[in-house]
Amino acid sequence: MEKINDRVQAVQDKLEELGFANRVVVLPDSARTAQEAAEAIGCEVAQIAKSIIFRMKQSEKPLLVVASGTNRINEKRIGQEIGEKLGKADAGFVREHTGFVIGGIPPIGHKEPIVTLIDEDLLPYAEIWAAAGHPHAVFPLTPQELIGMTSGRVMPVV
């Protein structure tokens, strides 16, 4: 793995700490969006596990939704499911709670524990790809590994 920065290394270290053999891959082009990531990797956009942070309005805590790259997250549905309205999380809120910048948020390795929901539409794929702490860094994993790494709850998010 070519080292981009300490945040990417932190993701690789977290994978190893959790007992996973997944390796971070540094891409020559940006993978800031699901479309860019899929093009750089050579996979379907639906195989990109995009990590979106929301601000839960009552508790002011973050919520991580890991969704298939083709899906638009239904905030109202998720809010009803978790019993709290969701709001947009600005760049400062995201960095404060995760330690990462938007466009490179991984599903693991955050500054604090974050409640995580996983899009059920990721489950049919043998391999998916998640951000690894930087817009040029990703790592391959299976949906089951994602569930294991995050202790995330699988549900429909669209």
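This is a predicted model: local features need pLDDT of at least 70, side-chain atom pairs count only at pLDDT 80 or more; totals for chains, interfaces and linings use all residues.
1. Pairings of β5. By that criterion, β5 and strand β8 (residues 153-155) pair in the parallel sense, with three bridges between them. In this pairing Asp119 stands opposite Met155 of β8. β5 also runs parallel to β3, to which four bridges join it, and here Leu63 stands opposite Val115 of β5. Strand β5 spans residues 115-119, and four of its five residues are buried, so the strand is largely enclosed by the rest of the structure.

2. Overall composition. The protein contains five helices and eight strands. Their order along the sequence is α-β-α-β-β-α-β-α-β-β-β-α-β.

3. Dimensions. For 158 residues, a compact globule would have a radius of gyration near 15 Å; the value for the protein is 14 Å, which agrees with that expectation. Taken along the principal axes, the box filled by the C-alpha atoms is roughly 40 × 30 × 30 Å. Among contacts in the protein with a separation of 6 or more, 62% are between residues 24 or more positions apart.

4. Burial and surface. Of the 158 residues, 47% count as buried. The protein exposes about 7,600 Å², and carbon and sulfur atoms supply 48% of that area.

5. Pairings of β2. With β3, strand β2 pairs in the antiparallel sense over seven bridges. These two strands form a hairpin with five residues between them, and Glu60 in the turn has a positive phi of about 60°. β2 also runs antiparallel to strand β4 (residues 86-88), joined to it by three bridges. Arg55 takes part on both sides: its bridge partner in β3 is Pro62, and its bridge partner in β4 is Gly87. With β6, by contrast, β2 pairs in the parallel sense over two bridges, and Ile48 stands opposite Trp129 of β6.

6. In soluble globular proteins, nonpolar side chains tend to be buried together. The largest nonpolar core here has 25 residues, of which Val11, Val24, Ile53 and Phe139 touch the most other members. At least two residues of this core come from each of α1 (6-17), β2 (48-56), β3 (62-68), α4 (91-98), β6 (128-131), β7 (137-141) and α5 (143-150). A second, separate core comprises eleven residues, including Phe54, Leu63, Leu86 and Leu117.

7. Surroundings of Ile53. Neighbours within four places in sequence being left aside, Ile53 is in contact with Pro62, Leu63 and Leu64, with Ala89, Phe93, Val94 and Thr98, and with Ile105 and Ile114.

8. Pro107. This residue is placed in the loop between α4 and β5. Is Pro107 buried or exposed? The relative accessible area of Pro107 is 3%, and the cut-off for burial is under 20%, so Pro107 is buried. Residues up to four places away in sequence being excluded, Pro107 touches Ser51, Leu64, Val66, Ala130, Ala131, Phe139, Leu146 and Thr150. Pro107 and Pro140 are 33 residues apart in sequence, and their C-alpha atoms are 12 Å apart in space.

9. Gly109. The loop between α4 and β5 also holds Gly109. Gly109 has a relative accessible area of 22% and is therefore partly exposed. Not counting residues up to four places away in sequence, Gly109 touches Arg7, Lys14, Thr98 and Phe100. Between the C-alpha atoms of Gly109 and Asp13, which are 96 residues apart along the chain, the separation is 8.7 Å.

10. Annotated region. An unreviewed UniProt entry carries the annotation "domain: YbaK/aminoacyl-tRNA synthetase-associated" for residues 30-147. In the model, the chain over residues 30-147 is 25% helix and 28% strand, and the C-alpha atoms at its ends are 26 Å apart.

Terms used. Residues are numbered from 1 along each chain as its sequence is written. Side-chain values use heavy atoms; hydrogens and water are left out. A nonpolar core is a set of buried Ala, Val, Leu, Ile, Met, Phe, Trp, Tyr and Cys residues joined through side-chain atoms within 4.5 Å. Buried means under 20% relative accessible area, exposed over 50%, partly exposed in between (1.4 Å probe, protein chains only). Contact means heavy atoms within 4.5 Å. Two strands pair if DSSP finds at least two bridges between them. The radius of gyration is taken over C-alpha atoms; the globule rule is 2.2 Å times the number of residues to the power 0.38. Accessible areas come from the Shrake-Rupley method with a 1.4 Å probe; for residues, only the protein chains shown count as cover. UniProt positions are given in the numbering used here, feature names are shortened, and annotations may be inferred rather than shown by experiment.
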